[in-house]
Amino acid sequence: MRKRYIIMRILICIIALLGYLQYGREEQAVNTMVSTSDTFYKQEFDVIVNKLFNLDKEKYAEELIEKAVENKYRNVRFSYDITGYPNEIVISVYSNEWSYEHNQRMYQIIYSSDNDGNNVKNNADKFKIQIYEK
């Protein structure tokens, strides 16, 4: 009887730990870089997702892009007041800090338009998401 309670407690702890590792941590935007010219503005940054797995990359890519356009990352603020909104966003996605430190990217998201004159805020319908594995 006592063994059963010990095993149940261990299983509950493992489930709680896995739940925390998947859902208990928020992603972080790091290593931001901006490239500008007279007619083009490109925003690049890395995101540490802090999750064990990500099943729907398309949906998650949309969420990451929306957070960037709406400036909703907690640890970084993008400046859209001087140069306006970017014509292209490139996001490199890492699963955790260890993979970021060892350059083990999960995938890269490129959010761009065929026309360089479009920006991500005013012309979102003309943009497409491309996801490149490693």
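Here is a short chat about the predicted model shown above.

Reader: Before we start, which pLDDT do local features need here?
Author: Residues are numbered from 1 along each chain as its sequence is written, and side-chain values use heavy atoms, with hydrogens and water left out. As this is a predicted model, side-chain atom pairs count only at pLDDT 80 or more, totals for chains, interfaces and linings use all residues, and local features need pLDDT of at least 70.

Reader: What pattern does the chain follow along the sequence?
Author: Helices (H or I, at least four residues) and strands (E, at least two) are taken as DSSP runs, numbered from the N terminus. The chain has three helices and five strands. Read in order, they give α-β-β-α-β-α-β-β.

Reader: What radius of gyration does the chain have?
Author: The C-alpha atoms fill a box of roughly 75 × 25 × 25 Å along the principal axes. The radius of gyration is taken over C-alpha atoms, and the globule rule is 2.2 Å times the number of residues to the power 0.38. For a compact globule of 134 residues it would be near 14 Å, but this chain has 19 Å.

Reader: Is Tyr 73 buried or exposed?
Author: Tyr 73 is found in the loop between α2 and β3, and its C-alpha atom is 6.7 Å from that of Ala 29, 44 residues apart along the chain. Buried means under 20% relative accessible area, exposed over 50%, and partly exposed in between (1.4 Å probe, protein chains only). Tyr 73 has 2% relative accessibility, so it counts as buried.

Reader: And Asn 103, with its positive phi: buried or exposed?
Author: Asn 103 has a phi of about 55° although it is not a glycine, and its place is the loop between α3 and β4. Asn 50 also has a positive phi, near 55°, but that residue is buried at 8% relative accessibility. Asn 103 has a relative accessible area of 57%, so it is exposed.

Reader: Which residue forms a salt bridge with Lys 67?
Author: A salt bridge here is a side-chain nitrogen of Lys or Arg within 4 Å of a carboxyl oxygen of Asp or Glu. The search of the whole structure finds six. The closest N and O atoms of this one are 2.3 Å apart, and the pair links helix α2 to the loop between α1 and β1, 40 residues apart. The partner of Lys 67 is Glu 27.

Reader: How many residues apart in sequence are Glu 88 and Lys 42?
Author: Glu 88 forms a salt bridge with Lys 42, the closest N and O atoms being 3.8 Å apart. Glu 88 lies in strand β3 and Lys 42 in strand β2, so the pair ties together parts whose separation in sequence is 46 residues.
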